[in-house]
Amino acid sequence: MGQWLNRDIHLRNKDTQPGIGSGFSLVLLSRLADPVYRPDPCNVLALAAASATVARGVLLLAAYSAGLAVPFLLTALGIGQFLRFYQRFRRYLHAVEVLSGALLVFVGSLVFLNRLTWLSGKLGFLNRFSL
């Protein structure tokens, strides 16, 4: 059963390099799947319609559109660099998974034993880095 759960599925040909289109579709699918990142366009349109001038309404709609477009464009530009990094990082992935699992079990046991404040006390030195 473990082998079945730990398989990889690749939906692209290995001969083709990812480009702007693949980055755009990756971000589009992830943004559409999560309603937290999907602002309600009705609210933006209502604000634009109720604004004092047409120019202000256009500015609101332009800012809304840019807020949707900029993450797509940045992801599309950086997807190739990330995939090159991931190819090198892949050999350490199992160690990261084991370490993450051990950390999850450790913190879960602290929560179960009602001792999470112990960890908070030990990590108190990190508070000096907060804004």
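## About the model

This is a predicted model: local features need pLDDT of at least 70, side-chain atom pairs count only at pLDDT 80 or more, and totals for chains, interfaces and linings use all residues. Residues are numbered from 1 along each chain as its sequence is written, and side-chain values use heavy atoms, with hydrogens and water left out.

## The overall picture

The protein chain has six helices and zero strands, running α-α-α-α-α-α from the N terminus on. Helices (H or I, at least four residues) and strands (E, at least two) are DSSP runs, numbered from the N terminus.

Of the 131 residues, 10% count as buried. Buried means under 20% relative accessible area, exposed over 50%, and partly exposed in between (1.4 Å probe, protein chains only).

## Two loop residues

Let's visit Ser-51, in the loop between α3 (41-50) and α4 (54-89). Ser-51 is buried, with a relative accessible area of 15%. Its side chain reaches the backbone oxygen of Ala-48 at 2.7 Å. Leaving aside neighbours within four places in sequence, Ser-51 is in contact (heavy atoms within 4.5 Å) with Arg-56, Gly-57 and Leu-60.

Asn-114 sits in the loop between α5 (93-112) and α6 (116-122). Most residues other than glycine have a negative phi.

## Aromatic rings

Rings of Phe, Tyr and Trp (its six-membered ring) pair if their centres lie within 6.5 Å; planes under 30 degrees apart count as stacked, over 60 as edge-to-face and the rest as tilted. By this rule the count comes to five aromatic pairs. The rings of Phe-85 and Phe-89 have centres 5.5 Å apart and planes at 20°, so this pair is stacked. Both residues lie in helix α4, four residues apart, about one turn of the helix. Phe-85 is partly exposed at 40% relative accessible area, and Phe-89 is partly exposed at 26%.

Phe-106 and Trp-118 have ring centres 6.3 Å apart and planes at 75°, so this pair is edge-to-face. Phe-106 lies in helix α5 and Trp-118 in helix α6, so the pair ties together parts that are twelve residues apart in sequence. Finally, ring pairs link Phe-82, Phe-85, Tyr-86, Phe-89 and Tyr-92 into a cluster.

Conventions. A polar contact is a pair of N or O atoms within 3.5 Å; within protein, one must be able to donate a hydrogen and the other to accept it, and residues adjacent in sequence count only if both atoms are side-chain atoms.
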